[in-house]
Amino acid sequence: MPTFEDEGKRPAEITSRPLLTVKIIAAPLQKFGAIPYGVRSFVPVAGGDFEGPRLRGKVLPGGGDWLLLRSDGVLELDLRITLETDDHALIYMTFQGLRHGPPDVITAFSRGEVVDPARYYFRTVPRFETSAEAYAFLNRIVAIGVGETRPDGAVHRIDEIL
Amino acid sequence: MTSRLLMMLQVVVSPPQKLGAVPHGTRVIAPIMSGTFEGPRLRGKVLGGGDWTLSRSDAVLELDLRITLETDDGALISMTSFGLRHGPPEVLAALTRGESVDPSSYYFRTAPRFETSAAKYAFLNRLVAIASGNRLPTGPIYTINEIL
């Protein structure tokens, strides 16, 4: 059995490069309250836009982020949105992610304030589906997003894992 | 994006269960019976599980792994990961034949998630991670990084 010290068998280095930044404009929050897994709420998506070296366009209205506040204080995110590129390709984007931080940061979010993103952890794993040949590379990549909560929604800087 | 090493993980797979063509692609289940993991903050052995792989029509292999980790101090950790594997046809054919190939010659990346009730390892419940894999004849080896 190979060992972890066996350099030749080690997986490739994990590196990344910017894929796109997506800005999401949220509609008013819908609160479902306490459900068996935690406290559930839903943020409908009203629109937005995205831009990266290889694609840009807008976020179509519809979809949203199904939030679950867990008993350990971590917020689980579960987003589904549709992106439309400037050359009219449709891209289905989902992510699952986590957001957590000190109590004063979470309180500031609830007051709609802007908080330095270095003060909280907001990371996601986006996935993409498209039938457009020009963007088929999106079907084949694993990605990571660094999120920022904004008063009107969120901004996600998404890197492709190379 | 910045990251740091969480652990190296190696799993040993049993003979694959080939289910053949299913509505989403070609399904092959790789049972996992054992393995080991080691990182700066945790180490131990793999108790078992499997990887439910799906070969899609675009020649990408989707990975859907579920295993149980047991740390050397007796904590149980549930690990799941979603991932993708693809590469040049000759590289994939060599992997299928059970040969070792250069890990940089194909794409094998996953996004693991963890669950545990052990307070010492509760940090695993709160992190997002990325792994790079290499398929060895006995089973894959992964470098798993925590996204900081």
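Predicted model: local features only at pLDDT ≥ 70, side-chain atom pairs only at ≥ 80, totals over all residues.
Residues are numbered from 1 along each chain as its sequence is written, and chains are lettered from A and ligands numbered from 1 in the order in which they are written.

Chain A contains one helix and ten strands. Helices (H or I, at least four residues) and strands (E, at least two) are DSSP runs, numbered from the N terminus. Along the sequence the order is β-β-β-β-β-β-β-α-β-β-β. The C-alpha trace of chain A spans about 50 × 45 × 30 Å along its principal axes.

Part of chain A can be followed strand by strand. Two strands pair if DSSP finds at least two bridges between them. Strand 3 (residues 38-51) and strand 4 (residues 56-59) of chain A run antiparallel and are joined by four bridges. They form a hairpin, with four residues between the two strands. In this pairing Glu51(A) stands opposite Arg56(A) of strand 4. Strand 4 of chain A is also joined to strand 6 (residues 75-85) of chain A, by three bridges and again antiparallel. Here Val59(A) stands opposite Leu83(A) of strand 6.

Two residues are in contact if their C-beta atoms, placed from the backbone, lie within 7 Å. Of the contacts in chain A between residues at least 6 apart in sequence, 50% join residues at least 24 apart.

How many residues of chain A are in contact with chain B? There are 24, and they meet 28 residues of chain B. Strand 7 (90-100), strand 8 (121-129), strand 9 (142-150) and strand 10 (153-161) of chain A each supply at least two residues of this side. By class, the side of chain A that touches chain B has 13 nonpolar (Ala, Val, Leu, Ile, Met, Phe, Trp, Tyr, Cys and Pro), six charged (Asp, Glu, Lys and Arg) and five polar residues (the others, Gly among them).

A residue is buried if 20 or more other C-beta atoms lie within 10 Å of its own, exposed if 12 or fewer, and partly exposed in between. Of the 162 residues in chain A, 31% are buried. A nonpolar core is a set of buried Ala, Val, Leu, Ile, Met, Phe, Trp, Tyr and Cys residues joined through C-beta atoms within 7 Å. The largest such core has 66 residues, and Ile144(A), Ala129(B) and Ile130(B) have the most contacts inside it. Its largest share, six residues, comes from strand 1 (residues 3-13) of chain B. Not counting residues up to four places away in sequence, Ile130(B) touches residues including Ile14(A), Val142(A), Ile144(A) and Ile161(A), as well as Ala111(B) and Ile147(B).
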